[in-house]
Amino acid sequence: EVVFKMASRLTKTMTVLGAIGYCIAEAPRKILVMWPKIGDSEEWSKKHLMGELVDPTECLQGVLQDGRGRRLANNTILSKIFPGGYISMFGANVPGDFRRAKGNFLYADEIDAIAIAESDEGDQLRQFAVRGSEYPDTIQVYCSYPSLKGQSNIDSK
C-alpha cells in the first residue's frame, strides 16, 4: 500500500502514471482506478492516461489506442484492454459499477473528496480495496490532499 498525502501539482499523478505505464508495457496486470465522481475518471482517462502517458510514449501507442475515428469494443473512455491486462476506471459515486471488478493494481485518487456512503457493503474505499483481495501481489495506491483533521480519508491511511 502506497499513500501520497500531498498538495496538488507535486507530480503524484505523473508518478502513478509512470507505474501504470510500466504495468501496461512490462508487467501487465488488471488495473482499477477510482476517482470521487465518474466525470473525474473520464477526465483523467482523456487528459492524463491518454494525453500525458499513452500519446507521448511510443511503446504504449500501439498497445492502448484511443479509438479515434471508430469505436473499439474493447477500448472506451472508462475501460481499456491491452495484452495481458486491462484498465477500468470508476467513480466512487457509483459504487455498484466496481462491484464485479477485480484487479491487482488499485489506484484511488482525491480520496478525501469521496462522499463516504455507508451501505450494507461498507464504504467505497473498503469496497475498492476488496477488489484486489484475491491476488497475493496487489498494489494499492491512495492519493489526496487532506481535508478536515479527524475526517480525512488520507489521514486514516
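1. A salt bridge is counted here when a side-chain nitrogen of Lys or Arg lies within 4 Å of a carboxyl oxygen of Asp or Glu. The model is a predicted one, in which local features need pLDDT of at least 70 and side-chain atom pairs count only at pLDDT 80 or more, while totals for chains, interfaces and linings use all residues. Residues are numbered from 1 along each chain as its sequence is written, and side-chain values use heavy atoms, with hydrogens and water left out.

2. By the salt-bridge rule, the count comes to eight. Side chains of opposite charge can pair when their charged atoms come close.

3. One of these pairs is arginine 29 with aspartate 137, at 3.2 Å from N to O. Helices (H or I, at least four residues) and strands (E, at least two) are DSSP runs numbered from the N terminus. Arginine 29 is buried, at 13% relative accessible area, whereas aspartate 137 is partly exposed, at 38%. Buried means under 20% relative accessible area, exposed over 50%, and partly exposed in between (1.4 Å probe, protein chains only).

4. Lysine 157 and glutamate 1 also form a salt bridge, their closest N and O atoms being 3.7 Å apart. Because lysine 157 lies in the segment after helix H5 (153–156) and glutamate 1 in the segment before strand S1 (2–5), the pair connects parts 156 residues apart in sequence. Lysine 157 is partly exposed, at 35% relative accessibility; glutamate 1 is exposed, at 59%.

5. A further salt bridge joins arginine 126 and aspartate 123, at 3.0 Å from N to O. Aspartate 123 is buried, with a relative accessible area of 11%, and arginine 126 is partly exposed, at 47%.

6. Which strands pair with S2? Two strands pair if DSSP finds at least two bridges between them. Strand S4 (residues 85–91) runs parallel to S2 and is joined to S2 by six bridges; isoleucine 87 in S4 is the bridge partner of isoleucine 31. Strand S5 (residues 105–108) also pairs with S2 in the parallel sense, over four bridges, and tyrosine 107 in S5 stands opposite valine 33.

7. Strand S2 (residues 30–35) is itself mostly covered, with five of its six residues buried.
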